[in-house]
Amino acid sequence: MNYLYFLYIEFLAKYNIPKLFGDITFYIIPFCIIAAALLVVVLILVLVERKLLGFFTQRKGPNRVGFWGILQTLADAFKLLCKENITPTKADRLLFNLAPILAFVPMFVAFGVLPYSAEFTFINTQTNVILYLIMAAFPILSIFLAGWASNNKYSLFGAMRSVAQLLSYELPITFVILSVVVLASSMNLTGITLAQFSGWGLFSWFFIPCFLGFVIMFISILAELNRCPFDLPEAESELICGYNTEYSGMRFAIFYLSEYAMMFANSIFITILFFGGYLSPFGKYFMSNSFLLYFEQAFWLFLKASVLIFIMIWIRATLPRLASFDLLKFSWVILLPLSILNLFIMVIIKFGGFLCS
């Protein structure tokens with residue numbers, strides 16, 4: 001971000017604007033950009049998923065509101081904004097209203113940690129992998145608060161099942177991330193991206209030596225996102241929608257907005273860990289001698305993430321929902337041992353001389 005910082009300060013100096021103003025606004029503007037972009041991305045993802053699910057299940061999907069149904073999600077958002085936000089009489093009002101905020105607001109920080117190109121990294125620390133995991137884990141707290149504060153047994157049971165599911169799949173994710181950290185010798189997301197750079201292009205990406213880790217990570221992310229076949233909080237026949245049963249209006253929508261925001265963020269995160277992030281699959285860029293290089297890098301990043309999102313939607317249209325016991329058993333009995341095995345294999349590959357530093 002140093003290049004953009006000096007470019008921004010130089011621009012302000014032309015209009016005699018103090019440097020102090022630039023120092024303050026330089027870190028505020030990116031988060032405003034993230035907030036605006038995030039809302040647009042979520043609306044687009046909702047529309048794309050509806051269209052793809054309609055295609056996979058041989059239905060039409062949204063096709064009435066606006067051309068090709070592109071205004072359907074805006075109409076739904078307006079409808080939810082107009083609906084009354086009802087708070088149950090015996091609910092804990094503070095925690096009940098705080099839960100949706102804790103589900104969505106940490107997403108802004110999570111998106112700020114991700115490197116979109118060589119220069120567009122808003123929060124670049126040496127351990128931003130840990131920072132991302134902390135922000136991505138906040139929905140666990142919000143789900144628990146939503147179920148507890150609702151003072152509804154169905155909501156509480158749904159929250160307990162969701163928290164158990166999230167915690168179960170956090171451990172395989174942690175071991176897989178450790179294996180990538182071992183390969184890259186870095187806990188910085190930009191460092192992990194650059195560790196996959198070479199003239200060989202995609203053949204130097206970590207999904208090749210760590211393919212088992214990628215599969216474990218992808219399955220665990222599906223469970224963390226409550227995506228099919230792990231969407232137990234939406235088991236209507238058992239829980240009436242789970243932890244968010246008592247929510248209505250925009251507070252109800254915020255939980256789903258955070259789910260789609262995390263789907264996009266986690267797709268980018270997986271892309272950075274295993275598919276070279278913003279690196280070109282050809283080992284070189286087509287616009288290497290201009291400012292457009294950064295936009296090309298962002299293009300490659302979003303293209304790879306879009307493929308992962310497409311696969312997530314495809315899986316939702318294909319696989320049935322798992323039972324609660326089978327879901328937890330699958331994590332503890334299969335994925336966790338495989339993730340530990342994958343970590344040992346990556347240590348042998350890295351320090352056994354099979355992979356160059």
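Tutor: Helices here are DSSP runs of H or I with at least four residues, and strands are runs of E with at least two, numbered from the N terminus. Leu212 is placed in helix α11 (residues 211-224). The model is predicted, so local features need pLDDT of at least 70 and side-chain atom pairs count only at pLDDT 80 or more, while totals for chains, interfaces and linings use all residues. Residues are numbered from 1 along each chain as its sequence is written, and side-chain values use heavy atoms, with hydrogens and water left out.

Student: Why is Leu212 called partly exposed?

Tutor: Buried means under 20% relative accessible area, exposed means over 50%, and partly exposed lies in between (1.4 Å probe, protein chains only). Leu212 has 31% relative accessibility and therefore counts as partly exposed.

Student: Why does Gln58 count as exposed?

Tutor: Its relative accessibility is 75%, so Gln58 counts as exposed. Gln58 lies in the loop between α3 (29-56) and α4 (72-82), and has a positive phi of about 60° although it is not a glycine.

Student: How do you know that Ser185 counts as exposed?

Tutor: Ser185 has 57% relative accessibility and therefore counts as exposed. This residue is in the loop between α9 (153-184) and α10 (189-194). Ser185 is not a glycine, yet its phi is positive, about 55°.

Student: What joins Cys228 and Pro229?

Tutor: A cis peptide bond joins Cys228 and Pro229, with omega about 10°. Pro229 belongs to the loop between α11 and α12 (236-239).
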